[in-house]
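Here is a short briefing to read alongside the sequence and the model. Could you keep both open as you go through the points below?

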Amino acid sequence: MFCEITKNWRGKPLVSHRVIIELIAATSTKSGLKIQTTLDTGRYP
């Protein structure tokens, strides 16, 4: 799926987490697979 994501955001500035999440969420494949995204704001040691 990463290949499809990178094709979708190619040439677009990744200026914020929101932009990245929206671009990932707008990704789908020719067969109709769609991606759901959320921002994990947790802190991990």
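Of the 45 residues in the protein, 16% are buried, where buried means under 20% relative accessible area, exposed means over 50%, and partly exposed lies in between (1.4 Å probe, protein chains only). This is a predicted model, in which local features need pLDDT of at least 70 and side-chain atom pairs count only at pLDDT 80 or more, while totals for chains, interfaces and linings use all residues. Residues are numbered from 1 along each chain as its sequence is written, and side-chain values use heavy atoms, with hydrogens and water left out.

**Overall picture**

- The protein has 2 helices and 0 strands; helices (H or I, at least four residues) and strands (E, at least two) are DSSP runs, numbered from the N terminus.
- Its C-alpha trace spans about 40 × 20 × 15 Å along the principal axes.
- Among contacts (heavy atoms within 4.5 Å) between residues at least 6 apart in sequence, 19% join residues at least 24 apart.

**The nonpolar core**

- The largest nonpolar core is made up of 5 residues: Ile5, Trp9, Leu23, Ile24 and Ile35. Such a core is a set of buried Ala, Val, Leu, Ile, Met, Phe, Trp, Tyr and Cys residues joined through side-chain atoms within 4.5 Å.
- Helix H1 (2-9) and H2 are the elements that give two or more residues to this core.
- Leu23 sits in helix H2 (residues 17-25) and counts as buried because its relative accessibility is 14%.
- Not counting residues up to four places away in sequence, Leu23 touches Asn8, Trp9, Lys12 and Leu14.

**Two threonines after H2**

- Thr27 lies in the segment after H2 and is buried, because its relative accessible area is 2%.
- A polar atom of the Thr27 side chain lies 3.1 Å from the backbone oxygen of Leu23.
- Leaving aside neighbours within four places in sequence, Thr27 is in contact with Glu4, Ile5, Asn8, Leu33, Lys34 and Ile35.
- Thr29 is also placed in the segment after H2, and a relative accessible area of 18% makes this residue buried.
- The side chains of Thr29 and Ser31 are joined by a polar contact of 3.0 Å. A polar contact is a pair of N or O atoms within 3.5 Å; within protein, one must be able to donate a hydrogen and the other to accept it, and residues adjacent in sequence count only if both atoms are side-chain atoms.
- Beyond residues up to four places away, Thr29 touches Met1 and Glu4.

**Salt bridges**

- The whole structure holds 2 salt bridges, each a side-chain nitrogen of Lys or Arg within 4 Å of a carboxyl oxygen of Asp or Glu.
- Lys7 and Glu4 form a salt bridge (3.3 Å, N to O); they are separated by about one helical turn because they are 3 residues apart in helix H1.
- Lys7 is partly exposed at 41% relative accessibility, and Glu4 is partly exposed at 27%.
- Glu22 and Arg18 form a salt bridge (2.9 Å, N to O), and both lie in helix H2, 4 residues apart, about one turn of the helix.
- Glu22 is partly exposed, with a relative accessible area of 45%, whereas Arg18 counts as exposed at 61%.
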